[in-house]
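Dear colleague,

I am handing over the structure below, together with some notes on what was found in it. Please read the notes with the model open beside you.

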Amino acid sequence: MFGRGRKIAPYLFISPFFIGYAIFFLYPVIQSLQLSFYRQVGLNKAPRFIGFDNYVRLVTKDDLFIKALTNTTYYALGSILIIVPLALLLALILHSPKLRLREFFRFLYFTPNITAGVVVGIIFGLVFEEQYGLINNLLLAPLGIDNVRWLREARWVMPAVILLGAWKWTGINAIYFMVGLQNIPPELKEAARVDGATRWQVFWHVTLPLLRPILAFVLTIAIIGSYNLFAEPAILVGLEGGPNNAGMTMTMYLYTRGFRELKMGYASAIGYSLAVIILVLSVVQLVLIRAFRED
Amino acid sequence: MKKLNVVLVLLASLMLFSAVAPVAAQELELWAFVNTHARWFREQAERYADEVNPDFSLNVIEIAYGDLHDRLLISIQSGGVGAPDIADVEQGRFGSFLRGGGDPGFIELNAFLDQGGHTENLVAARQALYTSMGSVYGIEHALTPVVLYYRADVWEGAGFDPQEFVTWDDFVEAGRAIVAENPDVIPLHIHGGLHELLLRQQGHDYFNADGDVTIDSAESIALMDWLLALKDEGVAGDPPAGDALWAAFKDGTLISMVGADWYGGFFKDNAPELSGKWKAAPLPAFEEGGRRTSVWGGTGAMVVKTSDHVEEALSFLEFSMLSIEGNVRRFELTTLWPPYIPAMANERLHAADEYFSGQDLGALFADVGPEAPPQWQSPFRSQLNGLRVAAWQDVIDGNRSPEEVFTEIADTIRDEMEFES
């Protein structure tokens with residue numbers, strides 16, 4: 001009796017996690033995979049099995065899905081090509097021992113990250129406003145640049161969201177890079193300097209390769225974060241993505257189809273497409289920067 | 001083992017106590033998406049507790065427009081988890097609840113309305129918005145007659161009296177003269193609902209009585225072309241969105257508003273400093289003798305099926321939404337013109353409104369109300385609006401023609417209808 005109880009006890013102790021995981025994660029994941037092969041519309045209609053119809057429709061007939069995919073990829077590229085290098089640059093500056101008030105700046109760059117997306121969206125809605133907004137009136141007008149219709153003109157919507165993303169995410173990524181920089185032994189750099197390497201050569205041949213694990217982490221998080229982008233564009237331009245759906249991201253598309261039009265089967269198919277895209281991109285990216293290499 | 005027994009006994013007694021604990025007060029929850037409605041509901045709840053049921057209390061929760069409907073749909077779909085007892089559902093979003101042809105999750109009100117003798121007291125064309133296959137699910141808040149709100153100081157200062165306008169041509173002519181004097185002013189701003197409500201003024205709509213999509217009708221396209229032509233000559237314009245809209249009203253850029261009764265309350269809430277500067281007139285007609293109003297918006301109060309207090313909720317709605325006092329008080333607080341016929345003749349609806357330069361707004365709504373055109377509900381309304389909103393800026397900017405865009409939207413909706421049939 002006792003012996004058996006002792007064997008069960010450890011499992012009982014760790015069971016809350018598994019029960020929670022099974023109910024709130026595993027079940028919905030499996031259920032939505034099943035649902036993605038059904039047509040289920042509305043509140044009380046029985047689902048009907050339709051095989052791959054949802055997926056086929058997504059890829060071949062649904063222009064809006066393709067647009068959401070393009071928009072999201074646009075943002076992902078922006079966030080990787082602008083935010084990540086910017087964060088690295090910022091980390092190098094903040095890492096410099098010569099900088100005064102370093103802790104203050106670190107705190108400052110971190111604060112956007114802990115501000116709720118909805119709050120950020122509302123404030124930036126005012127910042128980007130064309131007639132009365134901050135950017136047009138205080139930054140562009142003194143340079144003689146005409147009002148940019150940030151949230152009104154399709155081509156400016158994503159740049160506005162990327163600007164917002166840069167404001168929000170550069171700081172936290174810089175902190176990741178700083179941790180990486182702190183872990184690089186100073187002797188390595190000193191040795192390189194002694195051997196006559198220039199600053200640039202030290203950065204390119206010593207610092208950057210040693211930052212690779214951090215870079216892999218930051219890029220993976222950036223890709224996943226980009227493809228999950230929701231709150232900021234939703235608040236800035238609305239859940240339909242604003243002019244010409246230019247700000248419609250994949251998660252917004254999933255949300256509107258699923259919870260606004262109650263097409264649960266279709267929304268599940270969108271969700272699974274999104275998961276596959278993120279998985280493939282993350283693997284490709286990890287292979288590209290050779291994160292799996294054992295050196 | 002002994003310890004276990006003690007625990008079990010404790011647990012059992014706890015359950016027993018909670019089961020027999022008396023229900024002290026009846027607290028119901030209500031969701032609303034505009035503060036004007038919420039304010040009125042709170043006042044009505046207090047009155048109801050005073051006069052009918054002292055145990056009654058109503059928790060009125062204000063949730064943003066989009067969120068309210070999304071959350072309500074989700075909680076109804078999940079069997080009523082977190083759902084309120086009563087909810088305001090906007091007519092433009094009610095269609096989503098009918099998607100797929102199922103039960104929308106609200107209490108059917110036919111028997112309740114018939115028994116109380118209320119059915120014939122409500123304007124049928126408004127109730128149609130909350131009716132699906134003969135079942136009524138909501139009680140309308142407002143008749144939503146559309147009028148021309150205008151800045152009396154600006155128009156009269158320029159020598160025009162919008163009360164005298166008979167047709168839109170009169171309006172446009174006066175608008176031209178005002179713009180010639182002051183090119184920064186926008187006499188007619190093309191807000192997101194303007195095309196839709198003017199189309200209804202002409203007797204058409206985005207969906208017809210049979211539920212077919214008609215946004216690509218010749219009338220609809222011609223109307224949008226006309227608005228764009230007005231924009232080209234500077235009489236009409238594209239207003240800023242969100243909070244900036246109110247900034248544009250306050251700085252005098254926007255000098256009119258083609259809006260429904262509820263817009264009166266919006267003015268008072270969002271631009272109190274313009275009090276005394278506004279007036280309202282019947283809409284100019286498209287041809288002489290034509291209809292002088294339209295309908296725009298509207299919201300139905302509904303009782304959620306999973307509520308534990310259905311009887312009490314219905315009794316409260318009867319007290320507030322189906323009484324002369326409730327309807328009159330709502331007009332006083334929010335300028336919503338009652339869709340409840342017995343209230344229409346009440347003299348308190350004709351008090352001078354300070355905000356509107358002492359005008360008797362009620363007389364105007366009563367005058368144009370009977371002409372209000374019908375509007376048809378469709379499960380696809382909300383999706384059509386989503387598509388229209390996305391394409392709107394391209395149409396306004398002249399990047400794409402109304403014909404191209406409206407045809408595309410209509411085809412998408414027809415394709416959806418077929419996919420779901």
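**What was found**

Helix H4 (residues 102-110) of chain A packs against helix H7 (residues 154-182) of chain A at an angle of about 130°, and their axes lie 7 Å apart. Here axes are lines fitted to C-alpha atoms, for helices over the stretch in contact, and angles run from 0 to 180 degrees between N-to-C directions. H4(A) and H7(A) are therefore oblique to each other, given that angles under 35 degrees count as roughly parallel, over 145 as roughly antiparallel, 65 to 115 as roughly perpendicular and the rest as oblique. On the side of H4(A) the contact is made by Arg106(A), Tyr109(A) and Phe110(A), and on the side of H7(A) by Thr170(A), Gly171(A), Ile172(A), Ala174(A) and Ile175(A); two residues are in contact if their C-beta atoms, placed from the backbone, lie within 7 Å. Sorted by class, this contact has 5 nonpolar, 2 polar and 1 charged residues, where Ala, Val, Leu, Ile, Met, Phe, Trp, Tyr, Cys and Pro count as nonpolar, Asp, Glu, Lys and Arg as charged, and the others, Gly among them, as polar.

Before going on, please note that this is a predicted model, in which local features need pLDDT of at least 70 and side-chain atom pairs count only at pLDDT 80 or more, while totals for chains, interfaces and linings use all residues. Residues are numbered from 1 along each chain as its sequence is written, and chains are lettered from A and ligands numbered from 1 in the order in which they are written.

**Chain A and its side towards chain B**

The secondary structure of chain A comes to 13 helices and 2 strands, where helices (H or I, at least four residues) and strands (E, at least two) are DSSP runs, numbered from the N terminus. Its C-alpha atoms fill a box of roughly 75 × 70 × 35 Å along the principal axes. Of the 295 residues in chain A, 32% are buried; a residue is buried if 20 or more other C-beta atoms lie within 10 Å of its own, exposed if 12 or fewer, and partly exposed in between, with C-beta atoms placed from the backbone.

Between the chains, 22 residues of chain A are in contact with 28 residues of chain B. Helix H12 (residues 250-260) of chain A gives the most to the side of chain A that touches chain B, with 3 residues, and by class that side has 7 nonpolar, 8 polar and 7 charged residues. H12(A) is largely enclosed by the rest of the structure, because 9 of its 11 residues are buried, among them Met250(A), Tyr253(A) and Arg260(A).

Asn244(A), in the loop between helix H11 (231-237) and H12 of chain A, has a positive phi near 55° although it is not glycine. Asn244(A) is partly exposed, with 19 other C-beta atoms within 10 Å.

The 17 residues of helix H2 (residues 35-51) of chain B should span 24 Å at 1.5 Å a residue, and its end C-alpha atoms are 24 Å apart, which agrees; the expected span is 1.5 Å times one less than the number of residues. The buried residues of H2(B) are Thr36(B), His37(B), Trp40(B), Phe41(B), Gln44(B), Ala45(B) and Tyr48(B). They cover an arc of only 160° around the axis, which puts them on the same side of H2(B), the arc being that of the directions from the helix axis to the C-beta atoms. What covers them includes strand S1 (26-32) and helix H13 (310-321) of chain B.

H13(B) has 12 residues and reaches 16 Å from its first C-alpha to its last, close to the 16 Å expected. Leu314(B) lies in this helix and counts as buried, with 20 C-beta neighbours inside 10 Å. Leaving aside neighbours within four places in sequence, Leu314(B) is in contact with Phe112(B) and Val303(B).

**Two exposed loop residues**

Val81(B), in the loop between helix H3 (65-77) and S3 of chain B, is exposed, with 10 other C-beta atoms within 10 Å. Met133(B), in the loop between strand S4 (131-132) and strand S5 (135-136) of chain B, is exposed with 6 such atoms, and has a positive phi of about 45°.

With best wishes
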